[in-house]
Amino acid sequence: MPSPVKPDMKQRILDTADRLFYLHGIRAIGVDTVAAEIGISKRTLYNHFPSKEELIKAYLARRSVTLPPSDKPPVEQIIGTFDALERRFGAKDFRGCPFVNAVTELGAEDHAVRKIATAFKDGRRARFRELLRQIGATDPDRVATQLQLLVDGAIAADLVHNDPSMAVAAKQAAIVLLRNAGVEVGDRISTSSPRKRGPLRRADAG
């Protein structure tokens with residue numbers, strides 16, 4: 001049986017930086033730590049990422065993945081966002097939104113970080129807005145912003161309380177928002193925890 005192909009060095013560096021930056025914080029982790037974790041020299045790391053700033057941008061860009069198109073009804077896609085949040089909150093390695101974390105640490109002085117974070121948040125809001133338009137919601141732009149705030153609020157509340165049910169509360173509020181916007185939310189949309197737990201995806205929380 002052939003052995004699995006190892007990721008190339010650039011990918012290994014990014015994988016390691018992603019894990020360390022997210023779990024411990026960007027400021028707390030230097031390139032020395034990333035290099036030592038992999039067992040390479042700083043020079044080797046810099047051959048792939050000329051500076052820590054470039055490594056940070058690559059880390060956030062990697063976290064900025066978009067969800068693939070879905071054939072589920074738009075309402076289910078919107079509500080499913082909060083089910084995905086609950087699953088993510090239950091993971092031992094959950095440390096909040098990587099973009100909010102990065103802006104908190106670096107945003108006041110690093111415009112590139114703020115730009116990437118803003119693009120990610122605006123992208124999720126745009127996705128909500130498009131789904132809302134498809135189902136004829138009243139004022140989709142306003143409701144999309146409110147849904148985005150529910151996502152961010154649920155993430156913050158879970159970090160404080162360590163309670164994945166904060167995502168359930170946010171989902172219940174989202175259903176109220178949708179109904180107030182004239183959207184038909186069927187009874188088959190559960191307001192409690194999802195029974196089936198699918199795989200976690202990097203774009204499910206943030």
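Colleague: Which side chain meets Asp 93 in a salt bridge?
Modeller: Arg 88, with N to O at 2.9 Å. A salt bridge here is a side-chain nitrogen of Lys or Arg within 4 Å of a carboxyl oxygen of Asp or Glu.

Colleague: Before we go on, what kind of model is this?
Modeller: This is a predicted model: local features need pLDDT of at least 70, side-chain atom pairs count only at pLDDT 80 or more, and totals for chains, interfaces and linings use all residues. Residues are numbered from 1 along each chain as its sequence is written, and side-chain values use heavy atoms, with hydrogens and water left out.

Colleague: Back to that pair. Is Arg 88 buried or exposed?
Modeller: Arg 88 is buried, at 11% relative accessible area. Asp 93 is partly exposed, at 36%. Buried means under 20% relative accessible area, exposed over 50%, and partly exposed in between, using a 1.4 Å probe and protein chains only.

Colleague: How many salt bridges does the count come to?
Modeller: The count is 12. One of them joins Arg 19 and Glu 37, at 3.0 Å from N to O. Arg 19 sits in helix 1 and Glu 37 in helix 2 (residues 31–38), so this pair ties together parts 18 residues apart in sequence.

Colleague: New topic. How many helices and strands are there?
Modeller: The protein chain has 9 helices and 0 strands. Both are DSSP runs numbered from the N terminus: helices are H or I, at least four residues, and strands are E, at least two.

Colleague: At what angle do helix 1 and helix 4 cross?
Modeller: Roughly 80 degrees, and their axes come within 10 Å. Axes are lines fitted to C-alpha atoms, for helices over the stretch in contact, and angles run from 0 to 180 degrees between N-to-C directions. That makes helix 1 roughly perpendicular to helix 4, a label for 65 to 115 degrees.

Colleague: Which residues meet there?
Modeller: From helix 1, they include Leu 14 and Phe 21; from helix 4, they include Leu 55 and Tyr 59. Contact means heavy atoms within 4.5 Å.

Colleague: And how much of the whole chain is buried?
Modeller: Of its 206 residues, 41% count as buried.

Methods. Parallel < 35°, antiparallel > 145°, perpendicular 65-115°, else oblique.
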